[in-house]
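Let us walk through this protein model step by step. Keep the sequence and the 3D view side by side as you read.

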Amino acid sequence: DLLTAAFTLSIKQIIVAVNKMDGVGYSEERYQEIRSQLSAHLKKVGFKSKYVTFVPISGFIGDNLVERSDNMPWYTNSTLLEALD
């Protein structure tokens, strides 16, 4: 899998953009479910949780890409652009 290959290539920091949040009504519950499942897999591969950043986004609408989204008031961390910086 690509995560194993990335870890093997000494990539230690990863940003996970959870896309299509508009398609699930910007559900915090769905975001947390995805985050939980993927975090477990990332940990198995060897990634440390302090080096993994999750950002819920809607690429189509532009939510949390450059500016924080009013559609996801429950998310208060960095936008995707801030995470990349």
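Begin with Thr 8, which sits in helix H1 (residues 2–8). Helices here are DSSP runs of H or I with at least four residues, strands are runs of E with at least two, and both are numbered from the N terminus. This is a predicted model: local features need pLDDT of at least 70, side-chain atom pairs count only at pLDDT 80 or more, and totals for chains, interfaces and linings use all residues. Residues are numbered from 1 along each chain as its sequence is written, and side-chain values use heavy atoms, with hydrogens and water left out.

Is Thr 8 buried or exposed? Thr 8 is exposed, with a relative accessible area of 61%. The cut-offs are simple: buried means under 20% relative accessible area, exposed means over 50%, and partly exposed lies in between (1.4 Å probe, protein chains only). Now look along the chain to Val 18. Thr 8 and Val 18 are 10 residues apart along the chain, and their C-alpha atoms are separated by 23 Å.

Next comes helix H2. H2 has 18 residues and reaches 25 Å from its first C-alpha to its last. That is close to the 26 Å expected at 1.5 Å a residue. The expected span is 1.5 Å times one less than the number of residues.

Which residues of H2 are buried? They are Tyr 31, Leu 42 and Val 45. Seen down the axis of H2, these buried residues fall within an arc of 50°, so they line one face of the helix. The arc is that of the directions from the helix axis to the C-beta atoms. The buried residues of H2 pack against H1, strand E1 (14–18) and E2. Contact here means heavy atoms within 4.5 Å. Turn the helix around. The face away from the buried side carries the exposed residues Glu 29, Gln 37, Lys 43 and Lys 44.

At its start, a side-chain oxygen of Ser 27 reaches to within 3.3 Å of the backbone nitrogen of Glu 29. Just after H2, Gly 46 takes a positive phi of about 130°.

Now for the charged pairs. How many salt bridges does a search of the whole structure find? It finds two. A salt bridge is a side-chain nitrogen of Lys or Arg within 4 Å of a carboxyl oxygen of Asp or Glu. One joins the side chains of Glu 33 and Arg 30, at 2.8 Å from N to O. Both residues lie in helix H2 (residues 28–45), three residues apart, about one turn of the helix. An α-helix has 3.6 residues a turn, so residues three or four places apart point the same way. Glu 33 is partly exposed at 37%, and Arg 30 is partly exposed at 33%.

Arg 68 forms a salt bridge with Glu 82, and the closest N and O atoms are 3.1 Å apart. Arg 68 lies in the loop between E2 and H3 and Glu 82 in helix H3, so the pair ties together parts that are 14 residues apart in sequence. Arg 68 is partly exposed at 45%, and Glu 82 is partly exposed at 40%.

Aromatic rings come next. The structure holds four aromatic pairs. Rings of Phe, Tyr and Trp (its six-membered ring) pair if their centres lie within 6.5 Å; planes under 30 degrees apart count as stacked, over 60 as edge-to-face and the rest as tilted. One of the pairs is Phe 7 with Phe 47, edge-to-face at 5.3 Å centre to centre and 70° between the planes. Phe 7 lies in helix H1 and Phe 47 in the loop between H2 and E2, so the pair ties together parts that are 40 residues apart in sequence. Phe 7 is partly exposed at 24%, whereas Phe 47 is buried at 4%.

The rings of Tyr 31 and Tyr 75 have their centres 6.3 Å apart and their planes at 75°, so this pair is edge-to-face. Tyr 31 is buried at 1%, and Tyr 75 is buried at 6%. Together with Trp 74, these two tyrosines form one aromatic cluster.

Finish at Gly 62, in the loop between strand E2 (52–56) and helix H3 (80–84). Gly 62 is partly exposed, at 29% relative accessibility.

Technical notes. A polar contact is a pair of N or O atoms within 3.5 Å; within protein, one must be able to donate a hydrogen and the other to accept it, and residues adjacent in sequence count only if both atoms are side-chain atoms.
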